[in-house]
Amino acid sequence: MSLVAGGTVTVGALTVTVDLTVDDEIVAVLGPNGAGKTTLLRVLAGLQPLATGRLVLDGTVLDDPAGGVFVRPADRSLGMVFQVTPSGPRCEDRSRRRALG
């Protein structure tokens, strides 16, 4: 699998510059809070469009604002699993019991 992503995306006051080329590798995205890690993943999944640049997966253009191309998330051959934190008193109590117990 090959992935080439280059361009920018703006979310609120944050502008993220993407310059990524991956070719049959495992990649970890690391950085401090607010660096744009989740924004990058959202761009790759199609949940956030690029403002400029191109995103190409295995030779298929998924996002190219200048060319008017944007492939919907459901039509991309990749996905994103969201992290969900337990919330509510019952979940919090269960988490505390595990931590203490």
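The model is predicted. The protein chain holds two helices and five strands. Their order along the sequence is β-β-α-β-β-β-α. Of its 101 residues, 25% are buried.

**Overall figures**

- Take the contacts in the protein chain with a separation of 6 or more: 43% of them involve residues 24 or more positions apart.
- The protein chain exposes about 7100 Å². Carbon and sulfur atoms supply 56% of that area.

**Nonpolar core**

- In soluble globular proteins, nonpolar side chains tend to be buried together.
- The largest nonpolar core here has 15 residues. Leu 3, Ala 5, Val 18, Leu 20, Leu 44 and Leu 55 touch the most other members.
- At least two residues of this core come from each of β1 (2-11), β2 (14-23), α1 and β3.
- Strand β2 gives the largest share, four residues.
- Ala 5 shows how these members meet. Beyond its neighbours within four places in sequence, Ala 5 contacts Val 18, Leu 20, Leu 44 and Leu 55, among others.
- The contacts of Ala 5 also include Asp 19 and Arg 54. Arg 54 returns below as a salt-bridge partner.

**The loop between α1 and β3**

- Leu 50 sits in the loop between α1 (37-45) and β3 (52-57). Gln 48 is in the loop between α1 and β3 as well.
- Is Leu 50 buried or exposed? Leu 50 has a relative accessible area of 8%, under the 20% limit, so it counts as buried.
- Gln 48 has a relative accessible area of 18%. That value is also under 20%, so Gln 48 counts as buried.
- Which residues does Leu 50 touch, not counting those up to four places away in sequence? They are Gly 6, Thr 8, Val 43, Leu 55, Asp 63 and Pro 65.
- With the same exclusion, Gln 48 touches Val 9, Thr 10, Val 11, Arg 42, Val 43 and Asp 63.
- Leu 50 and Thr 17 are 33 residues apart in sequence. Their C-alpha atoms are 9.8 Å apart in space.

**Salt bridges**

- Side chains of opposite charge can pair when their charged atoms come close.
- How many salt bridges are there? The count comes to two.
- One joins the side chains of Arg 54 and Asp 64, at 3.2 Å from N to O. It links distant parts of the chain: Arg 54 is in strand β3, and Asp 64 is in strand β4 (residues 60-64), 10 residues apart.
- Arg 54 is partly exposed, at 40% relative accessibility. Asp 64 is buried, at 11%.
- The side chains of Asp 75 and Arg 72 also meet in a salt bridge, at 3.0 Å from N to O.
- Asp 75 is partly exposed, with a relative accessible area of 49%. Arg 72 has 48% and is partly exposed too.

**Positive phi values**

- Asp 24 has a phi near 55°, a positive value in a residue other than glycine. Asp 24 lies in the loop between β2 and α1.
- Asp 58 is not a glycine either, yet its phi is positive, about 50°. Asp 58 is in the loop between β3 and β4.
- Asp 58 counts as partly exposed, at 46% relative accessibility.

**Nonpolar surface patch**

- Which residues make the nonpolar surface patch of about 220 Å²? Val 27, Val 29 and Leu 41 do.
- Val 27 lies in the loop between β2 and α1.
- Val 27 has 45% relative accessibility, between the 20% and 50% limits, so it counts as partly exposed.

Notes
Residues are numbered from 1 along each chain as its sequence is written. This is a predicted model: local features need pLDDT of at least 70, side-chain atom pairs count only at pLDDT 80 or more; totals for chains, interfaces and linings use all residues. Side-chain values use heavy atoms; hydrogens and water are left out. Buried means under 20% relative accessible area, exposed over 50%, partly exposed in between (1.4 Å probe, protein chains only). Contact means heavy atoms within 4.5 Å. Accessible areas come from the Shrake-Rupley method with a 1.4 Å probe; for residues, only the protein chains shown count as cover. A nonpolar core is a set of buried Ala, Val, Leu, Ile, Met, Phe, Trp, Tyr and Cys residues joined through side-chain atoms within 4.5 Å. A salt bridge is a side-chain nitrogen of Lys or Arg within 4 Å of a carboxyl oxygen of Asp or Glu. Patches are made of residues with over 30% relative accessible area and no salt bridge: like charges are joined within 9 Å, nonpolar side chains (Val, Leu, Ile, Met, Phe, Trp, Tyr) within 5 Å.
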